[in-house]
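Here is a friendly note to read beside the sequence and the model. Please keep both open and find each residue as you go.

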Amino acid sequence: MTKQNKIRIKATAGLKDLDQLHNTLKSFGMVKNYSLTYEKFKQRGNTALHDMWIELTQVGDSQS
């Protein structure tokens, strides 16, 4: 049994841009056979910036 491949991404941007990036990463995951296994959004202090953490885990091919 092999470990599943994971992609972890942290991004900081405005909420609108993070939403677009989130949708792009979900689409990438569907095309490349990854599932979204972790996501967190948090406002950075009292500013317009937000932090986003995402983890994509490869689906299938893990029981070779």
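In which strand is Thr57 found? Thr57 is found in strand E3; strands (E, at least two residues) and helices (H or I, at least four) are DSSP runs, numbered from the N terminus.

Before the points, a word on the source. This is a predicted model, in which local features need pLDDT of at least 70 and side-chain atom pairs count only at pLDDT 80 or more, while totals for chains, interfaces and linings use all residues. Residues are numbered from 1 along each chain as its sequence is written, and side-chain values use heavy atoms, with hydrogens and water left out.

1. Let us stay with Thr57. Thr57 counts as buried, at 6% relative accessibility. Buried means under 20% relative accessible area, exposed means over 50%, and partly exposed is in between (1.4 Å probe, protein chains only). Not counting residues up to four places away in sequence, Thr57 touches Gln4, Asn5, Lys6, Asn33, Tyr34, Ser35 and Thr37; contact means heavy atoms within 4.5 Å.

2. Now look at Gln58, also found in strand E3. The Gln58 side chain makes a polar contact with the side chain of Asn5, at 2.8 Å. A polar contact is a pair of N or O atoms within 3.5 Å; within protein, one must be able to donate a hydrogen and the other to accept it, and residues adjacent in sequence count only if both atoms are side-chain atoms. Leaving aside neighbours within four places in sequence, Gln58 is in contact with Gln4, Asn5, Asn33 and Tyr34.

3. Next comes the core. The largest nonpolar core has eight residues: Ala11, Ala13, Leu18, Leu25, Tyr34, Met52, Ile54 and Leu56. Such a core is a set of buried Ala, Val, Leu, Ile, Met, Phe, Trp, Tyr and Cys residues joined through side-chain atoms within 4.5 Å. Strand E1 (6–14), helix H1 (15–32) and strand E3 (49–58) are the elements that give two or more residues to this core, and E3 gives the most, with three. Leu56 has contacts beyond four places in sequence that include Leu25, Phe28, Tyr34 and Leu36.

4. How many salt bridges does a search of the whole structure find? The search finds two, where a salt bridge is a side-chain nitrogen of Lys or Arg within 4 Å of a carboxyl oxygen of Asp or Glu. One joins Arg8 to Glu55, with the closest N and O atoms 2.7 Å apart. This pair links distant parts of the chain: Arg8 in strand E1 and Glu55 in strand E3, 47 residues apart. Arg8 is exposed, at 63% relative accessible area, whereas Glu55 is buried, at 13%.

5. Arg44 forms a salt bridge with Asp51, and here the closest N and O atoms are 3.0 Å apart. Arg44 is partly exposed, with a relative accessible area of 36%, while Asp51 is buried at 8%.

6. Finally, visit Tyr38 in strand E2 (residues 34–43). Tyr38 is partly exposed, at 42% relative accessible area. Leaving out residues up to four places away in sequence, Tyr38 touches Trp53, Ile54 and Glu55. Trp53 also has Lys40 over its face, at 5.2 Å from the ring centre; a charge sits over a ring if NZ of Lys or CZ of Arg is within 6 Å of the ring centre and within 35 degrees of the ring normal.
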